[in-house]
Structures are given as structure tokens and as C-alpha cells.
Amino acid sequence: MQTLLKSTPFRYALNASAIIGLYAVIMLLIKTGILNRYQALMLIPIGFNIILAASLNLTAGFLGQLPLGHAGFMSVGGYAAALFSMSAALPTNVELPLALAIGGVVAAAFGLVIGLPALRLKGDYLAIITLGFGEIIRVIILNLKFTGGAYGLKGIGRQTTVTWVYICVVITLFIISTLMRSRHGRAILSIREDEIAAEASGIPTTYYKVLAFTVSAGFAGVAGGLYAHYLSIMDPSSFGFMRSAEILVIVVLGGLGSIFGSVVSAIALTILPEALRGFADYRMVIYSVLLVGVMIFKPSGLCGRYEFSLGDSIDGLCSRIRGIFSRKGGVSDGGDS
Amino acid sequence: MTLLYLMINGLQIGSIYALVALGYSMVYGIVKLVNFAHGDIIMVGAYSTWYIMAKYSAPAWFAALASIVICSALGMLIEKIAYKPLRKSDRLSLLVTAIGISLLLQNLAQLIFSANPRMFANIFTGTVTVGERSFSNATTVTIAVSVIIMIGLTVLVKRTKIGKAMRAVSEDGEAATLMGINVNNTISFTFALGSGLAAIASVFYCCSYSQIQPAMGGMLGLKAFVAAVLGGIGSIPGAMIGGLCIGVAESLTKGYVSSQLTDAVVFGILIVVLLIKPSGILGRQRNEKV
Amino acid sequence: MAVILDVSKLGINFGGLQALDDFNIQVHGGEIVGLIGPNGAGKTTVFNLLTNVYHPSRGGISLTGRNTLGKRTHEVTGYGIARTFQNIRLFKSLSVMDNVMIALHNSMSYSLPEACLRLPKYWRQEAEARKFSRELLAVFDMEDMADSPAGSLPYGAQRRLEIVRALATNPKVLLLDEPAAGMNPSETAELMRTIHDVRDKFGVAIILIEHDMSLVMGICERIIVLNYGLIIAQGTPDEIRDNPLVVEAYLGQQRGDSPC
């Protein structure tokens, strides 16, 4: 039993069925009307916020370098995806994934071009220079013809569905978590821990910094594409510094270096302002007080660096149950978990 | 003549940036925090001046003084409640707390005064004529008062006991404690001083731009912060030079290129400076010892 | 044994200060060389130059026949030089295992897509690296600490882990920067055995900086003495012990006790 629980194929099967199962539950809740139309629509912003937070966590949490221009990459990806789908006339199920892929690639290219010079800096200076780049992207979009200038883009097909968001979230989380458990991910972590020691251990630190930055920007671009095809408009003023700050807040609140924390916190912080709608004017005040409160009382974020693993959780649960039974039988079993 | 006019205008807005940048710079120097709530202190300063004048029809000088006191107190209060408990934890947590405070101040202002902009009457009416050109009193007073404040501040930091304490704490907080410096009081004083300067900046800003709204601190604060980085964050003369540079660059861009592109120019300057000399014009580079 | 590290006329200036000048050394395979000198003599600077953390103002370094001029630190590590740090620099919040696995980065070759899609090459190389790490940790009696965060280990174990991590990069030359700092005499004695074992098992040449003269005199076959950035003496432990220049560098006077 225990060896089965630890075996790789079993873990894969378990995770795959959990992913499909969760999707089925969500769909069922929508079909049966337990989640009303409005609540079902909330799932989409939850989804792209998860992608944004998880991707920012790659640089802020795992690489240990804080970028403050994530919204810039999101907008680049969004505009690229929207411009593609507005000019192409393909069936939705072909057009949207293509648009998202284009959004991701274009944003990743921006990430590469900006990352190469910016990542020579560290810490606060890196934060500031990415903030600068983010603002410049916004101003340039505001002044270009083909992006619609200050008016932005209108009439983008509303193609983002719960299913597409779900697929994108699963792909993002899968790629980021498998990446982090490989030699490439460990190289990224070693830079956060000690850049000089990493370099002395044979890690090409510049390469991995730029890589993490580029991948992070790429996923932000995908999220931007989902955003564009959800709202059906792109307004350059909604990608300013405050948007970057919002994403950062999700990441830090969830826990820097915890993908699971980013997911939990993206869900909580997307729902919270809506749930507080009853308090009308007070909601944003309550939101900011909660934020400051959590940071003061739990500075490492809600989940610290904890990572959830379905297999491990079931494993732990099983040995706990076995522990209870063996204690009843009067035989101590050592209780490894 | 246009050039001179643009330069003077640039110096005016630059002086305002410099006053705000000083707050960023001093706070960064002493607690290594990019205090994102600093921009919103400007907004609080503007609203309190406006409110005291409108509600109690108080004279302008009284309202301005009261707003300086309010902002200084608020700055200290924020530090005590929100930043002090996090002094020993991760710097990112501190940064997020600062963003949280910024959101809180903006939304409180929106709750109390509504999101609609309010009109702010210019305190310094009238003009001064230099040769053929005339400049508004707001411009001349802003520049003159800023210069006086900066000289005063330099003297404060260089010559006084509290100034020496500020420099000691920013150099090495623990060593300063061992030398008998009260670090908490020094940090409080720094926040009070920075916030007071932001209040003064807010009065000058309102006199030239006449509109106040809850989100006004955002961009203004961001640009002042850019000015602080440009001059070398942590350096007081650097903040002044940075502020004036940003102001003049902005004004010249508005005059000769396009008012749409001023933000791009400001942030472009920031990026170029960071890439060439990351520590800014007057900042010091610190190398890690291996 | 062949010369694997050949340093000639190496020198560096920091601003106006000449931190190191005319530093020459040839290290043969399997040799243990001591680098001593008073504080600020430029010992760690030599290590930083050998690993290209600093770039020399003059002179050259040839490592296993390759010129390291202008290379990055990680490239030089790839040529076969590894080091530990005076002020321990472990990946503190990562596990002991991960610390070693990071140093094995270049012994694996699976690509980014292979990692993300978990293709067979990923599984095979990861399993091999994990097995190798365990064996390497076992050599240093650390296999039972594999899952603890490196920062939680006792001081001595952290110093040992730094050596394990350096060895995992498969070096020809190992640089140890004050490995006995902060250790008591019995720990130091154990460390001496470890250093000997490392040389014998892995066949690496070792250069070590150390202030503990019992360790230096006990295990080094050759000692180089630095003062004010210049080599003032070199030779066997016995020659160094009686060298008046060395005594003067340490005690600052003509007559006095030997530095140990």
C-alpha cells in the first residue's frame, strides 16, 4: 500500500484524476446553478490571477528578485493576443489558444529584452528599474496607433471560458512545479539563497536569472490574453503600477516561494473585494486593513514556503489512520509519515 | 525666452519633486524601505489644508501649518503601527505593508471626501515680472521656499545632534544603538520630517495644479521616488538634484516634444541612469564582500 | 604528477591599493598546499582571483591547461576548481541534499522541456545524481542529514557540507578558505583526517588558507606565506617554521617565537 502511494505512476494518476475531478465538480456546480452566473464568471478572474501570481512567484519567490512591472508584461501579452484574434478569423477553439500562445511568446520576448539589462541590478534597484520599464510600456501603448492609444482596444471576442482558464491554470502550475523540481529549478533557487555560492557551484547565474524572468513574463502574457478575451476591451490605464502591486500583494500574502500559497491567496483576494460588496464603500478600506494586518501578524505570508502535494497528504492521512488502529491494537508501529 | 520659461516651470515642479523625494530618500536611508505610502501623505496634506480652509475658513498659513503637523503625526503613527513590527522580517513583507497603507489612505480619503476632485484655490496669487516675462507668485514662492528648506535640512543633518543620529542609524542601526543613540526616536523623527516636507510639497503642488483627489499621490509620489533614485537614494543633496532634473526634463519634454511622453521620458532617464550608475548621481556603491 | 594549476605573475589593484602582486604558484595533482599570512595579506584575494570572482589586473592563470582569463566563475568551476568560503555560504533554507544536487547541476544534461515534461532522461539523470549525492554525503557521515535544511546543521557539519558541495562539482583543485575557523582542537583534528581522506579518495589538489598552525604544519606539504600582497616565503613546513621573514610578518619584530 505504502509503496504504491509513493510510486510515480500512481502519483501521476492521482493528480490527473484530481484535476479532472475538480473540473467536473466546477462544471456540475455551474450546470446545476449552485454557482450562479455571476459567481461562475468570477472563476475567470480567479484563474488569471492564479497564473499572474504563480508566474510572479517564480521571480519574486524562487529567484528572489523582485520585479515591479509584471502588469507591463500582462498588457503586452493581452494586446498581442487581442490584436491577433481581432485580425484573424478562425474558429474559437483554434483562435484563442493561438492568441494566448502569441501573447505568451511576445510577452516572453519583452521579458528577455528587458531582463538582459535589468537583471544586472539587484534588490531594490531591480525592483525600481522594472517599475520604470512597466511604466514605459504603458506610456508607449498609450501613444501607439495600432493599440488604439488612450481609447484602447474594443470589441475583442469574448472567448475566454471557464474551461480555457482552467486548462491554462493547470498548464501553468504544472510547468512551474515541474520546472522547480528539476536541476533548472534548483539553479534558480540557489540564486535566491546565495548568488556567489551558486556561481562557484557551477551555476550560470545570469542565464538562469534571465530564464526565470522570461518564463515569468511569458505566463503573465498568457494571463493578459485571457484577460483581454474576458473583458473584451483593453484599456492601457488599467496596467499601471497599481496592477503590478496588486499581483505582488497576492504573491507575498500567499507566501513567497509557495505556489500553493499563490493559488490560495489569488482565490481569496479575488473573491474578497466581491464578497465585501455588501459593505459598499468600506470594502476597499477593509481589504487594505486586512492586508496590512496579515503582513504584521504573519510576515511570511499565509502559507510560508509550504507546497501542497496530494500524494503526500493522502500518504500522511493513511499513516495517521494506521497509527490510530495500531494504537488500539496495542502495537506501536513507529508511525512514519 | 521660451526655454527660460520652461526651465523656470521645470524648477518649480522639480522643487516639489525634490521635497517629496527627500522623504523617500531619508526613510530609505534609515530603514531601507521604499515607502510607497509616502505619495499618499501628499494627498493627506492637500486634503487637510483644503478642509481646514474650507470648513473653518482659517487663514492659509494656519491651514498649511496644521497640515504639516497632521502629516508629521500621521507619518510617525504609520511607522509605529505598520512598519515597526516588521523591522526584522523580510524586506518584501515591509514593502507589501507599505503598499497596503497606501491603499488604505487612498480609500479612506475616497470614503470621506468622495472620488470627485475638489478645487483648491491658489494661496499665492499675483505675479512677479522679470524683464518682459512674468511669473506667478506660486512659482517664485515654491522655488524660494524649497531652496531655503533644503539649506535648512542640510544644516540639520550635518550640524545637529539629531542629524548626526540619523546618519549614524542609516550607516549601521545596531552600532548606533550600542553608541547610545535611541534608534526608535531617530526613525520616528525621520518619518515625521519626511512627512512634514511632503505636506509642504502638497501645498505648493495644489497652488499650481488647483485640483485634489484621493489618487493624486500615486504618480506624483512615483516620480518623486524616481527623482530620489536618480540623485542617489539615501543622499539628501542627491534628492534635490534628482528632483530638479526630473522637473526640468519633464517641463522641456512638455514644451518641445509632447506632453503625452513626459512619463516615458522620466522613466527612461531612470533606466539609463540605473544602467550606467545604479547608485544614482550622488549615491555610494556598496560591494558585497566575498 | 602533472601541473594542473599554473599561476604566473598574478596581481590585482583595488583603487590605488595593490592587494596582490607577482603571485606565482604551480600546483601538482594531489598536492596539499597551505596559504598563510597575517590578516589582510591577500589570501582570500588569491582564491577570489583563482575562481574569477575578481579579475586580475595582470598575470595569468592556467587551469588544467586552459587559460581562465575573462571567464565567468561558473565556467572556471567547470574547468575543475571549487572552493569553500570563509564565512560559510550554504544555500541555507534548502535541504542538505539539494545543496549537493545544485553542485551536480552540470553533471546532468537534460534540457528545460525535458524537465517540464518529465521525459525519461530527466528521471534517469535525477536518480543517478540523487544516488551519487547520497554516496558522497555518506563519505562524510552526513547521509542521515540529507533532508534537513542546511542552515539548521551544527557549525562543523555546515563546514563539512561546504566541502561536500565543492567536491560534487568534480574539481581537480579544491580551495578551502579557513576550514578550521571556529572549531575546537578535537574538531580540527578530525578535519585534518577529513582533508587527507578527500585528497586520497578524490585525488584532488588542495590549497587551504588557515590560521590554525597545527593544522597547516600538520597536513600541508608545501606552504606559501603572503604579506602585504607579496609572497615572502615558500617551502616545506619545517623551512617555514624557521624562516625569520615569516616570524617578522607575524610578530612584527626581529627576534621572537615562531608563529606556531
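Reader: How much area do chain A and chain B bury between them, and what share of it is on carbon and sulfur atoms?

Author: Chain A and chain B bury about 3500 Å² between them. Of this, 82% is on carbon and sulfur atoms. Buried area is accessible area (1.4 Å probe) that two parts lose on being put together, summed over both, so the value covers both chains. This is a predicted model: local features need pLDDT of at least 70, side-chain atom pairs count only at pLDDT 80 or more, and totals for chains, interfaces and linings use all residues. Residues are numbered from 1 along each chain as its sequence is written, chains are lettered from A and ligands numbered from 1 in the order in which they are written, and side-chain values use heavy atoms, leaving out hydrogens and water.

Reader: How many residues does the contact take from chain A and from chain B?

Author: Chain A gives 38 residues and chain B gives 41. Contact means heavy atoms within 4.5 Å.

Reader: Why is the pair B:Asp263 and A:Arg138 called a salt bridge?

Author: The rule asks for a side-chain nitrogen of Lys or Arg within 4 Å of a carboxyl oxygen of Asp or Glu. For B:Asp263 and A:Arg138, the closest N and O atoms are 3.9 Å apart. That is within 4 Å, so the pair counts. The rule finds one salt bridge across the interface of chain A and chain B. Two residue pairs, both at pLDDT 80 or more, are in polar contact between these chains. A polar contact is a pair of N or O atoms within 3.5 Å; within protein, one must be able to donate a hydrogen and the other to accept it, and residues adjacent in sequence count only if both atoms are side-chain atoms.

Reader: Which elements give two or more residues to the side of chain A that touches chain B?

Author: They are α6 (123-143), α11 (241-254) and α13 (283-297) of chain A. The largest share, twelve residues, comes from α6(A). This side of chain A has 30 nonpolar, three polar and five charged residues.

Reader: What does A:Arg138 meet in a salt bridge at 2.8 Å, N to O?

Author: A:Arg138 meets A:Glu135 there. Both lie in helix α6 of chain A, three residues apart, about one turn of the helix.

Reader: How many salt bridges are there between chain A and chain C?

Author: The count is three. In one of them, C:Arg89 pairs with A:Asp194, with the closest N and O atoms 2.9 Å apart. On the side of chain A that touches chain C, the largest share, eight residues, comes from α8(A). That side divides into 14 nonpolar, ten polar and eight charged residues.

Reader: What area do chain A and chain C bury between them?

Author: About 2700 Å², with 58% of it on carbon and sulfur atoms. Here 32 residues of chain A are in contact with 32 residues of chain C.

Reader: How do α1(B) and α5(B) cross, left-handed or right-handed?

Author: α1(B) passes α5(B) in a left-handed crossing. Their axes come within 9 Å and cross at roughly 35°. The contact residues divide into twelve nonpolar, five polar and no charged.

Reader: What is the handedness of the crossing of α1(B) and α10(B)?

Author: That crossing is right-handed. The axes of α1 (residues 2-31) and α10 (residues 236-256) of chain B come within 6 Å and cross at roughly 140°. The contact of α1(B) with α10(B) has 18 nonpolar, ten polar and one charged residue. Angles run from 0 to 180 degrees between N-to-C directions, with axes fitted to C-alpha atoms over the stretch in contact. A crossing is left-handed if the near helix is turned anticlockwise from the far one by less than a right angle, and right-handed if clockwise.

Notes:
Helices (H or I, at least four residues) and strands (E, at least two) are DSSP runs, numbered from the N terminus. Ala, Val, Leu, Ile, Met, Phe, Trp, Tyr, Cys and Pro count as nonpolar, Asp, Glu, Lys and Arg as charged, and the others, Gly among them, as polar.
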